[in-house]
Amino acid sequence: MTTSAPHLWQGKFIDDTEAGRRLAALPELTGRVLARPLPTEVVIGACAAVSAELADSGSPLHVRLARHLHADEAGPVLAELAAALTRQALERKLRRELGGLRPERLTRPDARETVYEAWAPVGLLVHIAPGNAATVAPLSVVEGLLAGNLNVLKTSSADSPLAIELLAALGTADPTGLITERVVALHFPSSRREWVEALCGQADAIAVWGGEDAVRSVSDLAPPGCRLVEWGHRISFAYLTRDAAADVDTLDALAEDVCRFEQQACSSPQVVYLDTGDEEEVFAFAGRFAERLAKISDTRRPPLPDAAEQAEITTVEQLARLEQHLGLTRVITAGDGSWRVLADTRPALGASPLHRSVWVKPLSRHAVVATLRPMRRYLQTAAIGGGPADVAELSRALFAAGVTRVTPVGSMLEGYQGEPHDGVYALQRYSRRVSVRASDASFRTVPCLEDLVAPPVVLPPPDGPLLGKEGVQRALASLAPEYAHLYFRSGGSTGAPALSVFTCDDYDNQMRTAADGLLAAGFDPGRDRAANLFYCGGMYGSFISFFSILERLNATQIPMAAGPDHAMVAEALITHQADTVFGMPSYLWQLFHAEADRLRAYGGIRTVFYGGEHFTAEQHRVLTEEFGVEVIRSAAYGSTDLGPLGYQCAASQGAVHHVLTDLHTLEILDPHEDRPVVPGEPGRLVFTSRARAGQRLERYEIGDLGRAVEGACPCGSHVPRLELLGRYGDVVRVGTYFFNYRRLSKVAQDRLGYRGELQLLVSPGSGRERLTVRLDEQYVSDAAAAREAFTAEVAELTSAEAEQLLSFTVETAPRDAFERTASSGKLRTVVDLRREKGSGSEELEVVGCSDSTAAYRVECTGDIKGECEPGQDKYTETRRQVTMLTLCLSQMKR
């Protein structure tokens, strides 16, 4: 910004001539801009980036903005802005004021009805900012952005460029460009009437700060139907009970409130009311309070008022001295004129001349409403000094009189994140509540209307290294307590159980988002009767999560949880007429077979929603043909640490899911290198969780393989899709060969018509390792024939046996012999007894090399992302384009 180009217009600094020309085209610009929605996540992301710069006193932005402030106020002002723009502050504000983090999306407030509601922008929002508060103008524009408006800020010619340069930085921090096109900031005096008229005459809403004259002049220019948001002058006061008035600490705290900001804030106390009708008590208190005010004031050197302010102080003080002769007042002032206490026996509320000038008046609590209500338009904050019962009683009376805010004495100028301002929420004043009522049955599987229009705006992933499970667990050690509300532990089916921690707000947001996914999957909360049969206890999250999801859908649910008494569970399903079940495939498979006769006779289970595992094609066939199940679908794709990641719509087939882009950014990286794959090619799934406080999981390699599914989904949604292709752990190395669990499962289905569960066991044998395929004896009676089928289809098995590298067997066992994780009941697809007996890692057995004639020594194994150390060679083995083994080797000296 320069003196020749003082205006910011959609990211460009322009001069007066260009600004005047563009003002004429403001209506057309508004229509074009508002046609493109602005997701709140874009605003939060940009604000968080700017907040981090403002909090760093050495950053270029902090240094540049500090030049526009007095040296003694630069630090506090920029710290205030940094705190207000943090992700935590803005997310709390959105939850408080608009009910959620994505209020702009047309979603169903009651999932039983196909009625959609959202908060929409008012349109062109003009901000006429005050000249005496540096933070007000930029923060008001940020509120306008959160509401999705096109914002035009008018700053006075006397203002510094701080607000305009801060808004320019916000636009720079947004990679989408959506913020830049929604911000115009003009720097001109109010005497330029034609510009003020051009702005106000086209506005859909005007936010104006100032006194009655300023508000009236803007109101006269506003067109019919324009919403006027007044942030006018307010009066605040303290109210003390008899006990509080006698407490020295309370008086010191009150004196601090008087001295802070020289009473320039609307929340500063101008009057002190005593709960009494005794005039002598008023005069006695004034003397005691003057002593405390003198003490506090001496520690804070006041700035000198200007000539007009000093004239008002002198006038008020002299009038009060004259009324002393009538017995109405008593005046106590500092010798140097730096403060004054004006005791007055009349309770009517009046403004003080500020600059540490405070009235002391009597007002019995029974007269509060009658006395203060005539000034209700001007009342803001009341600090109550008293006990809990006094605060409760007096708050009701003060609210009835028109007060909008009650605080403790000593913190009148302090606030909290999400606090209303002057009795209203700014975001609601800058928004409209809109609705769509749909009657067609096809809307039952549409949770959000925006998804039918265009792909969501997806922010780019952050820079930085990939994050693994170990890194997540290490970071928990330094997680601040305020972010640790809910603790969950994974089932441990793919390794050691891992701890995950959420805030209550994050958990609620994730459950609401997952609930929308369940609607898309075809669950109908108005008709379906759901039985929650996920495992519960041991800090495992599935049962409680789906309880929460169904609760947010207002669904009918029977919260049974998985249990060993299959007869009791079946009886409950039949008694309560459940037609939909949620659970792990392995448990549901056991239930349907243990209680096959009763459940076949009942025939009421129409829908199965599963999670954590997958049903095989043969299991699908059995459930549909023998038990009458009509729909078998994934309830959600997710993990304990990241939460819900995706959902299946009613049109999804196999392992295809839509990505929950409201919560996460997905990258699909090459199996061998940390670079994106060609769209549609398989790769490693890497997620960045954006809606998560405290525990920020960025570029988290979850351990799954998948590919992006191109093209439009038959359900009509434009939300991106992915197809899950398994986990890294689906491949196990035995006797130097790699065997894929899914491939073996497919052989069992195709060659044997097998419909049960399959488990791989790897154990150290005598001289060679042993690979065992365990099958359910109910579906396979001839283990030898099954072995022949596997060796005929899987050439690696035949080769490994011929080379005497492993022993391969097939065994049949009862269903309860299959090993499962204790907390989730999930089938352990691969049980590696080599690792569990301590002989080494899952892939390598560690042996001594002291007497070896080997050419190389293994220096490092595992998840090696970069290069090996100098002098070492890197060895990589892959199968089906997936890296199975990486070693760093050093040549041994002979």
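Buried means under 20% relative accessible area, exposed over 50%, and partly exposed in between (1.4 Å probe, protein chains only). The model here is predicted, so local features need pLDDT of at least 70 and side-chain atom pairs count only at pLDDT 80 or more, while totals for chains, interfaces and linings use all residues. Residues are numbered from 1 along each chain as its sequence is written, and side-chain values use heavy atoms, with hydrogens and water left out.

**Exercise 1. Work out how Phe488 and Phe502 pair up, and whether each is buried or exposed.**

Step 1: Start with accessibility. Phe502 sits at 3%, so it counts as buried; Phe488, at 9%, is buried too.

Step 2: Now the rings. Rings of Phe, Tyr and Trp (its six-membered ring) pair if their centres lie within 6.5 Å; planes under 30 degrees apart are stacked, over 60 edge-to-face, and the rest tilted. A search of the whole structure turns up 19 aromatic pairs. In the Phe488 and Phe502 pair, the centres are 5.9 Å apart with 65 degrees between the planes, which is edge-to-face.

Step 3: Phe488 belongs to strand E17 (residues 486-489) and Phe502 to strand E18 (residues 499-502), 14 residues apart. Strands (E, at least two residues) and helices (H or I, at least four) are DSSP runs, numbered from the N terminus.

**Exercise 2. Find where Ala635 lies and what it touches.**

Step 1: Look in the loop between strand E23 (631-634) and strand E24 (637-639). At 4% relative accessibility, Ala635 is buried.

Step 2: List its contacts (heavy atoms within 4.5 Å). Leaving out residues up to four places away in sequence, Ala635 touches Leu518, Phe546, Phe582, Phe609 and Tyr610.

Step 3: Check for a ring cluster. Phe546, Phe582 and Phe609 are among the members of a cluster linked by ring pairs, which also includes Phe523 and Phe534.
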